[in-house]
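Reader: Could you walk me through this model, with the cut-offs behind each term? I would like to look at the sheets, the chains and their contacts in turn.

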Amino acid sequence: MQNFEFVRPTSVADAVAALKGDEAQPMSGGQTLMPTMKARLAAPEILVSLTAIDEMKGVRKDGDQIWIGGGTTHATVARETAESFPALSSLAGRIGDPSVRSRGTIGGSIANNDPSACYPAGALGSGATIVTDRREIAADDFFQGMFMTALDEGEIVTAVKFPVPQRAIYQKFIQPASRFPLTAVFVAHFGDDVRVAVTGASSDGVFRWTEAEEALKGNFSADAVSGLSVSADTMISDLHGSGAYRAQLTKVMTQRAVSALA
Amino acid sequence: MNSIKLRVNGKEVTGQVEGRTLLVDFLRKDLRLTGTHVGCDTTQCGACVVHVNGEPVKACAMLAAEADGAEVATIEGQANADGSLSVVQQAFQDHHGLQCGFCTPGMVMAATALLKENPKPSEAEIREYLDGNICRCTGYHNIVKSIMAASGQDVPAMAAE
């Protein structure tokens, strides 16, 4: 790993100021960025650690939403949303492995927008709001393609606010070596509305399967989806599975999610 | 260089580290605590698991500078004050939970973290918790047995595989 200047601010304001430096890079839990830097795929001049910012940590009720600080680890989210939002707790509690969950954070995962990460599906599937140091962005506008988000240079995800669905579930088909989803879906049911977010499958990153959402609004059952299909054209195709396989998994995992909830 | 001050196995230590210095390198090279192993250096094998503020962490995926002010526990600090093995260490010895021993420090630290969080885990919960710890000898079955025994549960009751 190439050396860098390490700074560890204790407030969001100081972190934003530090990120104005040339070739400055924010790092939260570092469970993606550290291996990336070791492989020399990233070599920042200044590394701005976000781990000492107390105002970015914790889980609390915010009206009828759940506010989760961007610097909150997966382990903490899993523990502290177990009662209030079990589907999100289950998602957080199955990311990577226990050591990854001790360090990795929700803000880091959302900001990185890995096409196979779990949190983007949870945030998009719940219709969450991404809070940054300067604005609030709806999840529908935030995720803009593989590793692409609405974040500007030097902008930090300080929190994520989740509306709590009546019922929701995260169904993950795991790629056993990496422990990332090969394909996973987050299905959330809010009154008359249904949201289906898919991760791991598309080369455009996390996406909403709107056809399935429409079908499930009228008939919340696995059968409602059985006649639908997802185009394999934009699906990721690699040694772990073809595009057609991932397209099929999208449907199967959606059906499993709905069956488990219905 | 960054000045850091932390507690390692209950003792206060200080150091001067580069930004890029990994926690595992600080432990092994600066403090000469070589019990924490580096198996893969790519954050996959879990041989370098230590506890930071009570939680399991891969020491190759954390900067030493991030440990400033933290409480770190390594395999060297697991034995009892009189030098006898900890419950988990003793169970690994009794149930042949190690073959070559390279992954063992990470396995013991992971197992200890598990039992703190879940004192009577099921066999399935143990296997799931060890997701991030790889044993190249593939000695998982005895590792799981050891952890069952360390939690005071009946080992012979486990199904043979």
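**Sheets, chains and contacts**

Author: Happy to! In chain A, 5 strands make an open sheet in the order S4-S5-S8-S6-S7, with antiparallel pairing. This is a predicted model, in which local features need pLDDT of at least 70 and side-chain atom pairs count only at pLDDT 80 or more, while totals for chains, interfaces and linings use all residues. Residues are numbered from 1 along each chain as its sequence is written, and chains are lettered from A and ligands numbered from 1 in the order in which they are written.

Reader: Which strands stand at the edges of that sheet in chain A, and why is one side of each left without a neighbour?

Author: Strands are DSSP runs of E with at least two residues, helices are runs of H or I with at least four, and both are numbered from the N terminus. Two strands pair if DSSP finds at least two bridges between them. One side is left without a neighbour in the sheet because each edge strand has a single partner strand; the two are S4 (59-62) and S7 (136-138) of chain A.

Reader: What does the twist average from one strand to the next there?

Author: Angles run from 0 to 180 degrees between N-to-C directions, with axes as lines fitted to C-alpha atoms (for helices, over the stretch in contact). From one strand to the next, the twist in this sheet averages 25 degrees.

Reader: How many bridges join S6(A) to S7(A), and what stands opposite A:Thr129?

Author: Strand S6 of chain A covers residues 129-132 and runs antiparallel to S7(A), with 3 bridges between them.

Reader: On to chain B: what is the strand order of its sheet, and which are the edge strands?

Author: Chain B also has an open sheet of 5 strands, with mixed pairing and the order S2-S1-S5-S3-S4. Two of its strands pair on one side only, and these edge strands are S2 and S4 of chain B.

Reader: Which residue takes a positive phi in the hairpin of S1(B) and S2(B)?

Author: The hairpin has 2 residues between the strands. The positive phi, near 50 degrees, belongs to B:Asn9.

Reader: At what angle does H3(B) run to S3(B)?

Author: H3(B) lies across strand S3 (49-52) and S4 of chain B. Its angle to S3(B) is about 40 degrees.

Reader: What is the radius of gyration of chain A, and why does it count as compact?

Author: Chain A comes to 11 helices and 12 strands. The radius of gyration is taken over C-alpha atoms, and the globule rule is 2.2 Å times the number of residues to the power 0.38. For 262 residues the rule gives 18 Å, and chain A is close to that, so it is as compact as a globular protein of that length, with a radius of gyration of 18 Å.

Reader: What percentage of chain B counts as buried?

Author: Buried requires 20 or more other C-beta atoms within 10 Å of a residue's own, exposed 12 or fewer, and partly exposed lies in between, with C-beta atoms placed from the backbone. Of the 161 residues of chain B, the buried share is 45%.

Reader: Which helix gives the most to the side of domain 2 of chain A that touches domain 3?

Author: Domain bounds come from an automatic or database domain assignment, which gives domain 1 (5-49), domain 2 (54-163) and domain 3 (167-261) in chain A. The contact takes 21 residues from domain 2 and 25 residues from domain 3 of chain A. On the domain 2 side, helix H4 (86-92) and helix H7 (119-126) of chain A give two or more residues. With 6 residues, the one that gives the most is H7(A).

Key
Two residues are in contact if their C-beta atoms, placed from the backbone, lie within 7 Å.
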